[in-house]
Amino acid sequence: MKKLLYSVLSVIFLLPLLLTIIKSFTGENDLFSLERYDDLLIGNQTFYRAFWNTTICTLVISLSVLIITIPAAFAITRIKSRLIDVFFVILVTMMLMPLQVTLLPNYIGLRDIGLLDTRLAIIVPAVFSPVYAVILIQYMRGIDTSIIEAVQLESNSIVRVIITAVIPQIKPCIYAVFILSSAESWNMVEQPINFIHNENYMPLSIFMNQAMEWDILYPAAVISLIPMILLYWCFGDELKDGITLGGLHE
Amino acid sequence: MKWKNKYFLCLIPFLSGVMLFYILPFFRIIYYSVINNQFMKEFVGLQNYIDVLENQYFQTALKNSILIILVCVPTSILLSTVISWFVTQSDYFRYLSISFILPVVIPTSVIVPIWREFFHSIENALPIYLLFIYKNIGIDIILISAAIKIVPTEIYEAAKTDGATKIQLFKYITIPCIMPSIIFSTLLTVANSFRVYRESYLYYGSNYPPDYSYTLQYYMNNNFLKLDFQALSCGALINMLMILVAALIMLKLQRKYSI
């Protein structure tokens, strides 16, 4: 009985996805046909550009988040000082802040730097998002420090310490942060709308928003679904571990 | 070089980025909210806040945002607690839980077309509530089911020998033990409910949605487009104040319930 209820609930949750996939394969009079895919991929060439924009932004953002945030999180957990504790509280506050608070000053800042209307306008502010730092810091507080100190006795290079002692221990968290930052940047809506006015740099989410005919939305949705599902398939378990331990140490 | 200095070196790129894109803008917003005009830059104190609070659109937006929190957050937490209870009972449930967690990573623009087609005749904000709950429940389920797994089984066994039923076990043992995680999930859900703007914007496809869906973020974004920076800044700071109050309440509760 419980199993039945639960299964029904799961199916209801999967229903939007299944319906989207089914609808993308229908054509006139709900028969099976590939004409919507044909309209999208062959008739309308802008889809490829939008897909490429989103892919490259997502990849660059996710990798940069890892490269920049892991050493910073390591430093924050290892330095013992009141200033660092205050900084951590500031990070948590920034994490809860809505996007619009930073939207306007970032627009002015990016315009002054000259990065407005390029892909970097979306990439750079998203790389420094405090959410991933907080998750990494919470996870790193629970790892084994004796290994770190052992490597510190052996070598004087902090890069070596991080690569050999820290990264193997926080692997689940790295996967989790990678997936979360990919999902977040694949999904970005406010920043591209406000920072980018050049049609060439439009990402996928805006493309689907501005598509004129509703018909090509379903195949576009299915195609933009595939990378995310692949990522979840590969790293889904680690995602759960990463979020869990990030939340439990609060 | 001492290790401490090397740590600071690691911190520099991240620190400079966060200062440039998050902390400095925050102070800039505070500055904008207390001047009256971009050109005259006179200090007018709290006059901007009073103007914004009396603005009819802001009041509508505030009411709608608070309504979203009051409706969606308890529903999401209740549903995710019940589902997490099932998820931790057996493997079968755990395999099915993928269907709840998947919506978290699915891009919003993928779900919106089918949502629009299904709900296009409904005249209140229900589609947005459902969209938010749909997207958010996965995160709560992950957190709460992890917390349920940590509760030691000896307590359950002791209670069972005293003759407790399953519902009593759930109510008197599980819930108090996972209270810190429930509180953290509530805080996360409240913070995310302020981000429901994205789903709402994609669903209605324009900057001026119907009155029942006009939330704080629409107010702020439209002021951004109208170049009314003062109203934008005041709205943003009031928004932040609400989140901070929620966070403080949650932290107090968490301290009270911590084991």
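Q: How many disulfides does a search of the whole structure find over all chains?
A: A disulfide is a covalent bond between the sulfur atoms of two cysteines. The rule here asks for a pair of cysteine sulfur atoms within 2.5 Å. This is a predicted model, in which local features need pLDDT of at least 70 and side-chain atom pairs count only at pLDDT 80 or more, while totals for chains, interfaces and linings use all residues. Over all chains, the number of disulfides found is zero.

Q: Is B:Cys234 buried or exposed?
A: Buried means under 20% relative accessible area, exposed over 50%, and partly exposed in between (1.4 Å probe, protein chains only). The relative accessible area of B:Cys234 is 0%, so B:Cys234 is buried.

Q: What is the distance between the end C-alpha atoms of helix 3 of chain A?
A: Helices are DSSP runs of H or I with at least four residues, numbered from the N terminus. The expected span is 1.5 Å times one less than the number of residues. Helix 3 (residues 46–78) of chain A has 33 residues and should therefore span 48 Å; the distance between its end C-alpha atoms agrees, at 48 Å.

Q: Which residue of chain B forms a salt bridge with A:Lys23?
A: A salt bridge needs a side-chain nitrogen of Lys or Arg within 4 Å of a carboxyl oxygen of Asp or Glu. Residues are numbered from 1 along each chain as its sequence is written, and chains are lettered from A in the order in which they are written. Across the interface of chain A and chain B the rule finds two salt bridges. In one of them the closest N and O atoms are 3.1 Å apart, and the partner of A:Lys23 is B:Glu117.

Conventions:
Side-chain values use heavy atoms; hydrogens and water are left out. Helices (H or I, at least four residues) and strands (E, at least two) are DSSP runs, numbered from the N terminus.
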